[in-house]
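Hi everyone, thanks for making time this morning.

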Amino acid sequence: MVAVFGTVMNAVPILVWAERRVSAWVQDRVGPNRVGPWGLFQPIADALKLLFKEDIVPDGVDRVLFVLAPAFAFIPAALIVTVIPFGAPMMVQGEPLQLQVCRGNVGILLFLALTGLGVYGIAFAGYASNNKFALLGGLRASAQVVSYEIAMGLAIVSILMSSQSVDMNAIVADQTGTWMGFVPRWNVLRQPIAFVVFLVAAFAESNRLPFDLPECEAELVGGYHTEYSSMKFSLFFLGEYTAMFASCCMITTLFLGGWSLPGMNLASTSIPFSLLTVGVFFAKVSLLLFFYIIIRWTLPRFRFDQLMQLGWKTLIPLALANIILTGVLAQR
Amino acid sequence: MNLRDFFFVLFSFLAVFGAFLTVTRRSPMYSAMSLLVFFGAISGVMMILAAPFLALMQMMVYAGAILVLFLFVIMLLSLRKEELGGERPWPLQLLAGCGCAVLFGLLAVAILRAELPRTAPALGPEFGSPEAVGRAMFSEYVLAFEIVSVLILAATLGAVVLAKKHLEPPAAEETPAPPHGEAHH
């Protein structure tokens, strides 16, 4: 458990650094390169700066909610990673050790419950700030999350139908093996529609461009975190990147075969093999994160009514049709 | 008292506390937050009572969707203190108090007269799992399940009709109507 949270807390600064380097690369700039090799220590400097900034609670805010909101934004995102199986179980002193914090047969449901809770931080922040831009940001966030959560849940339903379990380990196990010896039986190939719907909904749920309407700097200054400073602001920041990391872990587990690669001997439970699978898992997650960042720096933002149209009139019918299709194909 | 009992008592107290705050807070935002505490605590109680599926559904549906819609409406209206209205007149308060007392009395009588088993029934490891709940829902209780779906459909239609009542027909309008995504609940 400690190891998992340690991983998350370390992944976020690296992610921020990667975001800035990749954005610089996309825009043909240099990016941060002064602190440490290739600017790798830049996030440490940033974090120190944020810690020593003055923590302002503006006049006229609702104090209790204003202070609670950053915690509400961060905690659910951090808890999501507990349901992810990071690697193959390893034998330690004769006992199998699952590389998953929260075991049990309800993993996916826990994921859905926690993503739904993530919006409270943003909504409370928007309300408590006593600022019209923040309020609009909070409003947009709650509408967006409720809409896209449905599409996400429906995409997951079709995955559950094809793997016939809600247990994360069973879903990974279902994706092992190959067709014709080299094509992996990953859900991204078996359920391409569900994959697209889930991917778009995951972008929207983590408030990333092209769906970052809640903070939309051109219209809303900073959106829900306009009034926040210092560590409270950085908790929002941390929450957003943690949610992004968690949703990449989730996509990897649900659609990209989790920690497995075709051709692996899955009966093995030795420690090196287990560590190798953890490496495979994080390689997949890193590729997805790279994709997230590239998307952010290449696409413009949606207008809010376009966002709602896409969610309700495109993604949800598409996901429903996919469920019916899966049901029909599974009958054969 | 073992750990399980401790958490049961803790979550039960939290649930009562949250429910109490929900009805006593003046600010609707704090009421909503107390309701969130209540949902979380109830979900915890369900988890302890070997119903993980139900517990997570509670979080997903009530805390994750319904309460977010409440928040949405609260923020959309963002009422100021004056608009919330002052104290209600005393006959209304008395009436509400009597109603609560009667309901509490009925529940208390029902609970006291019920035959409660002295020992917990033995449950298999499958009890309360998504598979078990699904199987029960689609075999034994399939009729009730389908009736509920008709009820929800009727409610959805009603909501759409209510939301669209004041709209002009689209042909008569200059600009397209804003999307009504929220009306589908």
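Is A:D28 buried or exposed? A:D28 has 6 C-beta neighbours inside 10 Å, and a residue with 12 or fewer is called exposed, so A:D28 counts as exposed. You'll find A:D28 in the loop between α1 (2–26) and α2 (42–52) of chain A. To get your bearings, look across to A:I171: the two residues are 143 apart in sequence, and their C-alpha atoms are 41 Å apart in space.

Before we go further, please keep in mind that this is a predicted model. For chain A, the mean pLDDT is 75, with 80% of the residues reaching 70 or more.

Now for the two chains in outline. Chain A has 332 residues, and 49% of them are buried. Its secondary structure consists of 13 helices and four strands. If we take the contacts in chain A between residues at least 6 apart in sequence, 78% of them join residues at least 24 apart.

Chain B has 185 residues, of which 16% are buried. Of the chain B contacts with a separation of 6 or more, 54% come from residues 24 or more positions apart.

Let's stay in chain B and look at a pair of helices. Helix α1 (residues 3–24) and helix α2 (residues 28–48) of chain B pack at an angle of about 155°, and their axes are 8 Å apart. An angle over 145 degrees counts as roughly antiparallel, and that is therefore how α1(B) and α2(B) are arranged. The crossing between α1(B) and α2(B) is left-handed. If you zoom in, the residues that meet include B:F7, B:F8 and B:F11 on the α1(B) side, and B:L35, B:V37 and B:F38 on the α2(B) side. Sorted by class, this contact has 14 nonpolar, six polar and one charged residues.

Next, where do the chains meet? Chain A brings 30 residues to the contact and chain B brings 24. On the chain A side, α4 (107–117), α5 (119–128), α6 (132–163) and α13 (304–331) each supply at least two residues. Which of the helices gives the most? That is α6(A), with nine residues. By class, the chain A side divides into 19 nonpolar, nine polar and two charged residues.

α4(A) packs against helix α3 (residues 52–77) of chain B at an angle of about 25°, with the axes 8 Å apart. Angles under 35 degrees count as roughly parallel, and α4(A) and α3(B) are therefore roughly parallel to each other. Their crossing is left-handed. Among the residues that meet are A:L109, A:L110 and A:A113 from α4(A), with B:F53, B:L56 and B:M59 from α3(B). The contact of α4(A) with α3(B) has 11 nonpolar, two polar and no charged residues.

That's my tour, and I'm happy to go back to any of these views.

Conventions. Residues are numbered from 1 along each chain as its sequence is written. Chains are lettered from A and ligands numbered from 1 in the order in which they are written. This is a predicted model: local features need pLDDT of at least 70, side-chain atom pairs count only at pLDDT 80 or more; totals for chains, interfaces and linings use all residues. Axes are lines fitted to C-alpha atoms, for helices over the stretch in contact, and angles run from 0 to 180 degrees between N-to-C directions. Angles under 35 degrees count as roughly parallel, over 145 as roughly antiparallel, 65 to 115 as roughly perpendicular and the rest as oblique. A crossing is left-handed if the near helix is turned anticlockwise from the far one by less than a right angle, and right-handed if clockwise. Two residues are in contact if their C-beta atoms, placed from the backbone, lie within 7 Å. Ala, Val, Leu, Ile, Met, Phe, Trp, Tyr, Cys and Pro count as nonpolar, Asp, Glu, Lys and Arg as charged, and the others, Gly among them, as polar. A residue is buried if 20 or more other C-beta atoms lie within 10 Å of its own, exposed if 12 or fewer, and partly exposed in between; C-beta atoms are placed from the backbone. pLDDT is the predictor's confidence in each residue, from 0 to 100.
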